[in-house]
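Hi everyone, thanks for making time for this. I'd like to walk you through one structure today, so please have a look at it before I start talking.

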Amino acid sequence: MDPNQAITIDGLSWSYDDRPILTDIAAAVEKQAFTTILGPNGSGKTTLLKQILRILPVRAGTVFLESRDITGLDRRDLAHVIGMVPQNERNPYQFTVEDMIRLGRYAHREHDQKHEGYEARSIERVMKLTSIDHLKDHLITEISGGEYQRVIIARALAQEPRIIALDEPTTYLDPLHQLGILKLLKQLIINEGLTVICILHDLNSAMSFSDHVIMLHDGKVFGHGTPQEMITPQTLKAVYGITTQMVEDPFTRRPYIIPDTNL
Ligand code: ADP
């Protein structure tokens, strides 16, 4: 097994009620890099992420997290390796931001009981990392969508995982806050050595921020590679059925995708 791989997937298949959703998926996620899962609605992206997080059990094929078979990990070990930021979470409870982030410490409870003050320092640290320390005592029902997204990223970081998996973390955010989340993830890779695996819909964000793209189509891996290799007019036509042109993004020097908006 390649020690540079955070996640290694082989022969993974999943069906809901005999309806195949994922078929023979083989993919790898490199450590300390930004891997994006792309694909149209219904192509199996969330199902794949749920299998990597063992929210759904692995029935056919294998998933290795840092060279360990996921089926052999207990819940606590799993939480130490991978944290999750779910899609479109909105919690109706009257938690403060601090209490919400504390939930992320569940796999460290025994440790925190033995080490006085560790939990509070850990929560403070992830609030600083995600720039929400000023919101500590606010109720989660009374913060904006962008702030909420940072809170659930902080909760995942409080787990102290080495991998963070995010399901469309920017979908409902305005452009400034979208950019803020994606830059935060990039900083976490560079400064904290984190591995990021993320479902995105915005092709230009995927192009700008990803190191690696896994493209799904009808429950199969259409291809994987650098964003420049995977996001091309040909693949976008084949996978999404859209016509596009590429120009050069003056900031990143990577291609910028322009969809044909003619009627
Ligand atoms: P994506 O994230 O790419 O939009 P999903 O993994 O959410 O795709 O869904 C893939 C397919 O699985 C879809 O056709 C969806 O309707 C189906 N599906 C998702 N969850 C369930 C479920 N709990 N029961 C039955 N079918 C499901």
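I'll go through the cores, the helix packing, the aromatic pairs and then a few single residues.

A quick word on the ground rules. This is a predicted model, so I use local features where pLDDT is at least 70 and side-chain atom pairs at pLDDT 80 or more, while totals for chains, interfaces and linings use all residues. Residues are numbered from 1 along each chain as its sequence is written, and side-chain values use heavy atoms, with hydrogens and water left out.

Let's begin with the inside. By a nonpolar core I mean a set of buried Ala, Val, Leu, Ile, Met, Phe, Trp, Tyr and Cys residues joined through side-chain atoms within 4.5 Å. Buried is under 20% relative accessible area, exposed is over 50%, and partly exposed is in between, with a 1.4 Å probe and protein chains only. The largest nonpolar core has 45 residues, and Phe34, Val97, Ile101, Ile153 and Ile164 have the most contacts inside it. Which helix gives the most to this core? That is helix 6, residues 145-158, with eight residues. Helices here are DSSP runs of H or I with at least four residues, strands are runs of E with at least two, and both are numbered from the N terminus.

Do click on Ile164. Contact, for me, is heavy atoms within 4.5 Å. If we leave aside neighbours within four places in sequence, Ile164 touches Gly83, Val85, Ile153, Ala156, Leu157, Leu194, Thr195, Val196 and Ile197. Apart from this core lies another one, of 30 residues, including Leu12, Ile37, Val81 and Ile214.

Now for the helix packing, with helix 6 again. Axes are lines fitted to C-alpha atoms, for helices over the stretch in contact, and angles run from 0 to 180 degrees between N-to-C directions. Helix 5, residues 118-129, packs with helix 6 at an angle of about 135°, with the axes 9 Å apart. That makes helix 5 oblique to helix 6; the scheme is under 35 degrees for roughly parallel, over 145 for roughly antiparallel, 65 to 115 for roughly perpendicular, and oblique for the rest. Ser122, Val126 and Leu129 of helix 5 make the contact with Ala154, Leu157 and Ala158 of helix 6.

What about helix 6 and helix 7, residues 175-192? Their axes come within 10 Å and cross at roughly 20°, so these two helices are roughly parallel to each other. On the helix 6 side we have Gly146, Gln149, Arg150, Ile153 and Leu157, meeting His177, Gly180, Ile181, Leu184 and Leu188 in helix 7.

Helix 1, residues 45-52, is mostly covered, with six of its eight residues buried. Those buried residues are Lys45, Thr47, Leu48, Leu49, Gln51 and Ile52. Just after helix 1, Arg54 takes a positive phi of about 60°.

On to the aromatics. Rings of Phe, Tyr and Trp (its six-membered ring) pair if their centres lie within 6.5 Å; planes under 30 degrees apart are stacked, over 60 edge-to-face, and the rest tilted. How many aromatic pairs does a search of the whole structure find? It finds two. The rings of Trp14 and Tyr16 have centres 5.6 Å apart and planes at 85°, so that pair is edge-to-face. Trp14 is buried at 4% relative accessible area, whereas Tyr16 is partly exposed at 34%. The rings of Tyr93 and Phe95 have centres 6.0 Å apart and planes at 50°, so this pair is tilted. Tyr93 is exposed at 53%, and Phe95 is partly exposed at 26%.

Glu98 sits in helix 3, residues 97-102. Is Glu98 buried or exposed? Because its relative accessible area is 18%, Glu98 counts as buried. Beyond neighbours within four places in sequence, Glu98 is in contact with Ile123, Lys136 and Asp137.

Lys186 lies in helix 7 and is partly exposed, at 23%.

Asp174 lies in the loop between strand 7 (163-167) and helix 7, and is partly exposed at 39%. The C-alpha atoms of Asp174 and Gly145 are 9.3 Å apart, for a pair separated by 29 residues along the chain.
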